[in-house]
Amino acid sequence: MITPDSPVGSVLGEAPKKVVKAVTEGLGLRTVGDLLHHFPRRYVKTGELTEVEGLHDGEMLVVVGRIARCDRRQYTDRRTGRTAYRVEALLETDGPRLSMTFFAKAPHVAAWHEQRLAVGRRGIFQGKVGRFRDSWQLTNPQMVLMGTPGEDAAQLSLETLGDLYPIYPLSAGVESWDLQRAVAFALTVVEELPERLPEALREAEGLLDVRTALEWVHRPSDYGQVTRAQQRFRFEEALTTQLVLARRRRALQAQGARPRTGGGGLLAAFDARLPFELTAGQRDVGAEIEADLARPHPMNRLLQGEVGSGKTLVALRAMLRVVDSGGQAALLAPTEVLAQQHHRSLTAMLGDLAGGGMLGGHPEATSLELLTGSMTKAQRTEPLLRLASGEAGLVVGTHALLEDVVQFADLGLVVVDEQHRFGVEQRAALTDKAGTPPHVLVMTATPIPRTVAMTVFGDLETSTLSELPAGRAPIQTTVVPLADAPRWIDRVWQRAREEVEKGHQVYVVCPRISGDTSEQGEFDAPAAEGETRTDRPLAAVEEVVEELAAGPLAGLRVGLLHGRLHPEEKDRTMRAFASGDVDVLVSTTVIEVGVDVANATTMVLLDADRFGVSQLHQLRGRVGRGGLPGLCLLVSHAEVGTPARERLDAVAATTDGFELSRVDLEQRREGDVLGASQSGFRSSLKDLRVLRDEKTIVRAREVAGALLDEDPELDGAPLLATLVAELEESVRAEFATRS
């Protein structure tokens with residue numbers, strides 16, 4: 001008997017071994033259940049196949065046909081002088097014959113086309129029709145080929161296809177026809193299908209039972225059935241994910257946390273000396289955080305706001321409240337440059353309030369420490385002792401804070417700057433250093449896909465700073481398309497020189513360090529779906545410095561900064577730029593966050609298409625900070641119509657970080673909402689999409705909470721409990737593999 005746990009080969013019939021291998025390894029479908037939950041990505045509406053009689057030039061055609069002839073021809077490519085191949089096929093339809101041509105540079109590719117288009121093979125063909133030498137041809141057709149080249153498919157007709165023909169996600173060596181036949185057979189022979197959703201829940205939410213949903217998603221009569229089936233499976237996935245997140249939240253709250261209600265005078269002393277009024281947003285968000293800190297369970301809040309909205313000030317006030325409560329607070333930064341910048345800015349903001357234990361320190365003062373990976377053992381000794389003893393109330397650091405040697409007397413608050421640089425397990429490594437779970441505040445200027453997904457899924461409570469403090473100037477962003485006009489780069493450097501001549505400063509950002517054969521790991525822009533990349537070498541900081549200093553920016557003071565420089569050299573370069581001793585700073589993305597130079601008005605991003613939307617938005621936020629209008633030039637070879645160019649055009653069109661996060665989400669997907677993947681196509685979400693299914697996700701969160709309130713162990717829904725446990729275990733296994 002065939003069951004959902006049977007090997008997928010049991011429903012593939014007499015398919016060749018290479019097809020079975022492609023299904024199991026290429027698509028990851030190892031069981032019949034896996035196959036049944038491999039859903040079509042789209043459908044061809046066969047009931048509206050084009051009438052081939054009376055064709056019009058340029059018309060989009062969808063037709064059933066049979067290969068009547070197929071020939072391979074060899075010719076010399078005029079552009080390269082090399083041998084190339086052309087496979088010409090003739091398609092028989094219920095009307096005129098249609099010719100199709102496929103080009104190949106290699107003989108094995110031509111042979112593959114020739115094999116697929118064997119005479120007698122039938123299928124569905126879709127493409128634009130045109131006239132060529134008094135005959136009709138089909139240009140760049142998409143094809144669903146039926147059977148194998150040697151198989152009799154003569155009975156293929158509209159009746160055997162059904163009204164909607166499913167097109168499945170495929171892997172090399174697998175045809176959609178292979179999967180469609182296997183799924184149809186599986187639905188016929190598998191008698192018992194596990195029903196994970198209790199009947200009462202399905203009725204309350206208006207959801208289909210699993211067998212009906214599988215029939216309708218794989219063999220629908222109309223799009224209404226497709227929609228109902230998709231609704232059921234998307235809700236099931238959303239509910240499972242929400243149950244995992246809800247159990248995680250409840251387990252954390254059950255551990256308890258120490259309320260941090262203040263009581264000391266440090267925060268009051270800090271507020272009394274602020275030279276400006278807090279914005280209304282800062283006051284409101286501060287009140288939300290204050291209420292969270294006073295509760296007996298851990299805060300887990302996301303603070304999001306545009307670059308320059310005052311997030312750091314809000315976070316500092318929360319840290320001071322924890323110190324007033326007798327605890328300690330740690331600020332975790334992703335890079336040494338940012339950690340040092342934070343340490344300098346917090347020291348300046350606190351003044352003598354950071355001089356705890358020092359002569360001249362304020363009576364309410366605490367000690368502010370810095371810990372980074374480049375510090376020597378001797379440099380670390382005193383800060384480590386002050387943290388362990390509790391003498392130091394505040395610490396700013398990089399990943400060095402996660403090391404076992406770092407101990408706290410009473411860690412009460414962890415502030416994570418630029419949340420997208422840290423995975424869940426990295427934050428957990430720091431929170432584990434506390435005797436009781438600390439409160440957690442994560443900050444970001446642009447929610448990247450995973451952060452947006454986590455917010456919608458409810459793992460983080462959210463606070464938003466939408467106002468900008470006084471002194472922030474508008475930033476003009478322009479795409480410089482070198483694919484259209486290569487000489488525009490001359491105007492870019494001319495514009496940079498003009499800014500320097502006005503007494504201002506310029507950033508030039510590159511995606512690579514000289515000598516590297518790959519891009520740096522700092523970047524968050526994997527290729528989007530449908531995006532291809534060329535072998536053209538990317539701009540490298542050291543090479544660009546030499547070219548600019550000897551060429552278009554000769555005579556200007558050009559500096560160099562990247563993550564592999566010695567920390568002292570990096571700090572010295574940043575100080576020189578901040579003081580105005582460097583006109584143009586050529587850098588990697590180490591200046592992405594936290595760097596604040598008021599006189600910098602222009603940023604040139606080379607190979608800008610190699611950066612993600614959130615990263616581009618972060619980078620341009622480095623200019624226009626001193627009340628002077630900012631200019632950001634996105635230099636790229638990306639062509640119009642490509643995903644990369646669309647990404648750049650979106651950034652140029654708006655400075656709204658929240659709108660850009662939606663663009664980012666649409667292009668790059670959600671990331672792993674339960675684990676540490678930040679974005680791209682390793683998403684743990686199979687059928688859900690955060691933007692499209694936001695209402696489903698929010699409803700599933702409500703249902704998950706109600707289920708756990710009534711039945712914490714899900715004893716009344718054992719199959720659903722098993723699904724939740726499997727998802728939790730897969731997350732734990734991933735963490736174990738990465739650690």
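Tutor: Asp-71 is partly exposed, with a relative accessible area of 25%. On this scale, buried means under 20% relative accessible area, exposed means over 50%, and partly exposed lies in between (1.4 Å probe, protein chains only). This is a predicted model, in which local features need pLDDT of at least 70 and side-chain atom pairs count only at pLDDT 80 or more, whereas totals for chains, interfaces and linings use all residues. Residues are numbered from 1 along each chain as its sequence is written, and side-chain values use heavy atoms, with hydrogens and water left out.

The partner of Asp-71 is Arg-69: the two form a salt bridge, with the closest N and O atoms 3.1 Å apart. A salt bridge here is a side-chain nitrogen of Lys or Arg within 4 Å of a carboxyl oxygen of Asp or Glu. Side chains of opposite charge can pair when their charged atoms come close. Arg-69 has a relative accessibility of 43% and is therefore partly exposed.

Arg-86 and Glu-88 form a salt bridge whose closest N and O atoms are 2.8 Å apart. Arg-86 is partly exposed at 24%, and Glu-88 is partly exposed at 25%. In the salt bridge between Arg-491 and Glu-498, the closest N and O atoms are 2.9 Å apart. Arg-491 has a relative accessible area of 39%, which means partly exposed, and Glu-498, at 24%, is partly exposed. The structure holds 39 salt bridges. Some charged residues are joined into a network of salt bridges: Glu-195, Arg-196, Arg-202, Arg-232 and Glu-236.

Cys-510 is buried, with 0% relative accessibility, and Cys-632 is buried at 1%.

Next come the rings. Rings of Phe, Tyr and Trp (its six-membered ring) pair if their centres lie within 6.5 Å; planes under 30 degrees apart count as stacked, over 60 as edge-to-face, and the rest as tilted. By this rule there are four aromatic pairs. One of them joins Phe-39 and Phe-233, a tilted pair with 4.7 Å from centre to centre and 35° between the planes. This pair links distant parts of the chain, 194 residues apart: Phe-39 is in the loop between helix H2 (32-36) and strand E1 (42-45), and Phe-233 is in helix H8 (residues 223-255). Helices (H or I, at least four residues) and strands (E, at least two) are DSSP runs, numbered from the N terminus. Phe-39 and Phe-233 are both buried.

A pair between Tyr-43 and Tyr-223 has ring centres 6.3 Å apart and planes at 85°, so the pair is edge-to-face. Tyr-43 is in strand E1 and Tyr-223 in helix H8, 180 residues apart, so this pair too links distant parts of the chain. Tyr-43 is buried at 10% relative accessibility, while Tyr-223 is partly exposed at 39%.

Charged side chains also sit over rings. The rule is that NZ of Lys or CZ of Arg is within 6 Å of the ring centre and within 35 degrees of the ring normal. Lys-686 lies over the face of Phe-39, at 5.6 Å from the ring centre. Arg-131 lies over the face of Trp-136, at 4.7 Å from the ring centre.

Leaving out residues up to four places away in sequence, Gly-130 touches Asp-57, Ser-135, Trp-136 and Gln-137, where contact means heavy atoms within 4.5 Å. Gly-130 is buried, at 10% relative accessibility. The C-alpha atoms of Gly-130 and Leu-98 are separated by 9.4 Å, and these two residues are 32 apart along the chain.

Thr-366 lies in the loop between helix H12 (336-350) and strand E10 (367-371). At 6% relative accessibility, Thr-366 is buried. Not counting residues up to four places away in sequence, Thr-366 touches residues including Leu-266, Val-323, Glu-391 and Leu-394.
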